[in-house]
Amino acid sequence: MTYAQPSQPAGAFQLDALRVYIEGDELFDAMLSAIASARHSVKLESYIFADDEIGRRFAQALMDCAARGVQVLMHLDAAGSLFWSSRSLERRLKHHGVAVRWFHRWSWRQPWRYNQRNHRKLLVIDGRVGFLGGFNIHRENSRAVFGDARWRDTHVCVTGELAGGLQTLFDAFWRRRARRYPFILAQNGDALISNYSLRGRLFLRRLYGVKFATAKHRIWLSTPYFVPDYRTQHALMRAARRGVDVRVLVPRKNDVRIAQWAANAAYEPLLHAGVKIYEYLPRMLHAKTTVIDSEWSTIGSANLDYRSFFVNYEINLVSMQTGLAAQLEAQYRQDLAQSEQIAAARWAHRALFSRALELIGWAARRWL
């Protein structure tokens, strides 16, 4: 196992063909550098692509690529980017040769489609280097622009077979043929999981269920939106009762208040079963990672909630690299050091008003 050299950015670590980013500025620099090196194609999907300092940097890089004759495809979610992007930015991109496609724009003829969103965040260059994870393209992820309050997130850079697989998944989704690919497996055992098909959606949920059921020592989860279905809740509770160290890290400062109310509604039975729940204090936690038994890990766009399991389209990297698991655990410990554990006894005596808000959030959990 080869680890990164000391000269690498402080917000990233590397092993084998993977490099993990935990700081937006380092990630964005790496992505922009990869875009600048493109010879044949640049393919990007994002839930949020903002018309701000960060989005405009990417837009200029993409337009420069298109001007060199590189194929540039952008697939953006209409709901996710609704209040972030702009028509003027879209017109500029198209005018300079960038193909922009919006996923499920509002239609009076098919209004229900608007609820189903493309939540994937990925970039692939020439099929040789790719990025995926939780980072959106907006200023909230940049310390240089947004300051110390920037969001805490996790992304991964892949090369080789995984990058080629990422391009396959992008192309299939762009052509509406992604139902053929619930997952892509690399020779080293790492895999890309896509839930575009019903089979893929069931696979993602079942994969978590199997890993929770077979965990022996620890399950460490990080997710900004923790609204687990009953089956997932019970899997975590059973694991905790048989002595597994089950920890769930969520943000105290959430950008979607009603999602936080829904999450709070699930806490009490989990806490009674021995699941440890921590709230990250400094800023918005947006990372979606899981490490099990120091040997299995996943990084991606999927939250542990109804929307990611049953509604949205997601993409995750699953890895058996113990080096990756060790690095994610080290980062998890750093995050826990800046978090507060929820005490079961104190939680049981929370205010009636808080309980009422939880009922509202839980009732709306399938639509958050």
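1. Start with the buried side of helix α1. In this predicted model, Gly24, Leu27, Phe28, Ala30, Met31, Leu32, Ala34 and Ile35 of α1 are buried. Look at the spacing of those numbers while you keep one rule in mind: an α-helix has 3.6 residues a turn, so residues three or four places apart point the same way. What covers the buried residues of α1? The cover includes the strands β2 (18-21), β3 (41-46), β6 (122-125), β7 (129-133) and β8 (155-159), along with helix α2 (53-67).

2. α1 covers residues 24-36, which is 13 residues. From its first C-alpha to its last, α1 reaches 18 Å, close to the 18 Å expected at 1.5 Å a residue.

3. Now for the rings. How many aromatic pairs does the structure hold? There are 12. One of them is Phe28 with Phe135, an edge-to-face pair with 6.3 Å centre to centre and 75° between the planes. Phe28 belongs to helix α1 and Phe135 to the loop between β7 and α4 (143-146), so this pair ties together parts that are 107 residues apart in sequence.

4. Tyr208 is in helix α6 (residues 198-214) and Phe309 in helix α9 (residues 306-311), so to speak distant parts of the chain, 101 residues apart, linked by the pair. Both Tyr208 and Phe309 are buried.

5. Arg101 lies over the face of Trp174, at 4.0 Å from the ring centre. The charged end of Arg120 sits over the ring of Phe173, 4.4 Å from its centre.

6. Next, have a look at strand β12 (residues 245-251). How many of its residues are buried? The count is 7 of 7. In a regular strand the side chains alternate between the two faces of the sheet. On one side of β12 you'll find Asp245, Arg247, Leu249 and Pro251, and on the other Val246, Val248 and Val250, with both faces covered.

7. What sits beside β12? Strand β11 (residues 218-222) runs parallel to β12, joined by 5 bridges, and Arg218 stands opposite Asp245. Between these strands comes helix α7 (residues 230-241), and β11, α7 and β12 make a right-handed β-α-β unit. β12 is also joined by 5 bridges to strand β13 (residues 276-280), again running parallel, and here Pro251 stands opposite Tyr280. To get from β12 to β13 the chain crosses through helix α8 (residues 257-273), and this β-α-β crossover is right-handed.

8. Finally, follow the sheet on from β13. This strand has 4 of its 5 residues buried, so β13 is largely enclosed by the rest of the structure. In which sense does β13 pair with strand β17 (residues 339-341), parallel or antiparallel? The pairing is antiparallel, over 3 bridges. To spot it on screen, find Glu279 and its bridge partner in β17, Glu340.

Key. Residues are numbered from 1 along each chain as its sequence is written. This is a predicted model: local features need pLDDT of at least 70, side-chain atom pairs count only at pLDDT 80 or more; totals for chains, interfaces and linings use all residues. Side-chain values use heavy atoms; hydrogens and water are left out. Helices (H or I, at least four residues) and strands (E, at least two) are DSSP runs, numbered from the N terminus. The expected span of a helix is 1.5 Å times one less than its number of residues. Buried means under 20% relative accessible area, exposed over 50%, partly exposed in between (1.4 Å probe, protein chains only). Contact means heavy atoms within 4.5 Å. Rings of Phe, Tyr and Trp (its six-membered ring) pair if their centres lie within 6.5 Å; planes under 30 degrees apart count as stacked, over 60 as edge-to-face and the rest as tilted. A charge sits over a ring if NZ of Lys or CZ of Arg is within 6 Å of the ring centre and within 35 degrees of the ring normal. Two strands pair if DSSP finds at least two bridges between them. A crossover is right-handed if, with the strands pointing away from the viewer, the path from the first strand over the helix to the second runs clockwise.
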